[in-house]
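Subject: Structure handover and notes

Dear colleague,

Please find the structure below, followed by my notes on what was found in it. I would be glad if you read the two side by side.

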Amino acid sequence: MTGNAAANDALLLRLRCFKSDYFPLHQQRFQDLVAEGQHPKTLFIGCSDSRLVPYLLTGTGPGELFIVRNVGAFIPPYGGSHGLHGTTAAIEYAVLSLNVERIVVCGHSQCGGIRAAYEGVPDEAVALKAWLKLVQEALLPVQPSPEALRRTEQRSVVLQLERLMGYPMVRRAVEAETLTLHGWHYVIEEGEIHIFDAQHGDFVPASLASNCGTGPYQPYVEHDGQVICD
């Protein structure tokens, strides 16, 4: 059996286990979600990285998170993709149709998308190269050291929050205080979420934070005085 065949068989076994083991324990929950529809309170925008598992981090289950994932957890500027982008469409749907109460933007440590923004990608990756331009404003004029990458990952989260405020339906809901924005940076190797504190302009470990993040957001000022804004 080839490696690919073995992997496919392993996935098949997991599908069967879901049906035989997990589903019977939660069948009523799934049936309720079908009968009553979904009513998630949170839109979670996260990186596609396999090490970031939203349900695991937040302790949530089916029906609780509306999830959007892409390389780097980036958000296109409103109107810039002429409606032909899944992330933009998901934000509009979550805010206008699902009436979510919070939006979380979650970046993470060791982010390959942030590193690629510094180091470049293969010429054949045309779409990826264009996509990485969305983080250009958060890059530092230095070599990509571990500290520079960590700072850029966090700066990127704040940049995406500022972009969210450019979406008319998001700004309107935030100003009406029916929607809050939350910026998180998941440090994989520490098992800790660092939360952006808009009042102090810094990221605080969840173990020390007083809340899970609030908005709206003012331009992010680095300790060296540099202002990050869209």
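Throughout these notes, buried means under 20% relative accessible area, exposed means over 50%, and partly exposed is what lies in between, with a 1.4 Å probe and protein chains only. By that scale glutamate 119 is exposed, at 51% relative accessibility.

This is a predicted model, in which local features need pLDDT of at least 70 and side-chain atom pairs count only at pLDDT 80 or more, while totals for chains, interfaces and linings use all residues. Residues are numbered from 1 along each chain as its sequence is written, and side-chain values use heavy atoms, with hydrogens and water left out.

The pLDDT, which is the predictor's confidence in each residue from 0 to 100, has a mean of 90 for the protein, and 88% of the residues reach 70 or more. Over residues 216-221 the pLDDT is below 50, although in the model this stretch has 27 contacts beyond near neighbours in sequence, a contact meaning heavy atoms within 4.5 Å.

Salt bridges

A salt bridge is taken here as a side-chain nitrogen of Lys or Arg within 4 Å of a carboxyl oxygen of Asp or Glu, and by this rule the count comes to seven. In general, side chains of opposite charge can pair when their charged atoms come close. Helices (H or I, at least four residues) and strands (E, at least two) are DSSP runs, numbered from the N terminus.

One of the bridges joins arginine 115 to glutamate 119, at 2.9 Å from N to O; both residues lie in helix α4 (residues 112-119), four residues apart, which is about one turn of the helix. Arginine 115 is partly exposed, with a relative accessible area of 35%.

Glutamate 175 and arginine 171 also meet in a salt bridge, at 3.3 Å from N to O, and being four residues apart in helix α7 they are separated by about one helical turn. Glutamate 175 is exposed, at 56% relative accessible area, whereas arginine 171 is partly exposed, at 37%.

The bridge between glutamate 137 and arginine 163 has an N to O distance of 3.6 Å, and this pair links distant parts of the chain, with glutamate 137 in the loop between α5 and α6 and arginine 163 in helix α6, 26 residues apart. Arginine 163 is buried, with a relative accessible area of 4%, while glutamate 137 is partly exposed, at 38%.

In helix α3 (residues 86-96) the buried residues are Thr87, Thr88, Ala90, Ile91, Ala94 and Val95. They cover an arc of only 160° around the axis, and therefore they sit on the same side of α3; the arc is that of the directions from the helix axis to the C-beta atoms. Among the elements that cover these buried residues are β1 (42-47), β2 (65-70), β3 (102-108), α5 (126-131), α6 (146-164) and α7 (168-175).

A nonpolar core is a set of buried Ala, Val, Leu, Ile, Met, Phe, Trp, Tyr and Cys residues joined through side-chain atoms within 4.5 Å. The largest such core has 27 residues, of which Leu43, Ile91, Ile103, Leu164, Val170, Leu179 and Leu181 touch the most other members. At least two residues of this core come from each of β1, β2, α3, β3, α6 and α7. A second, separate core has 19 residues, including Cys47, Ile114, Val135 and Ala138.

Leaving aside neighbours within four places in sequence, leucine 179 is in contact with Val95, Val100, Glu101, Arg102, Ile103, Val170, Ala173 and Val174.

Single residues to look at

Alanine 73 has a phi of about 60° although it is not a glycine; alanine 73 is found in the loop between β2 and α3 and is buried, at 1% relative accessibility. Glutamine 110, with phi near 60°, lies in the loop between β3 and α4 and is partly exposed, with a relative accessible area of 47%.

Glutamine 154, in helix α6, is buried at a relative accessible area of 13%, and apart from neighbours within four places in sequence it is in contact with His185 and Phe203.

With kind regards
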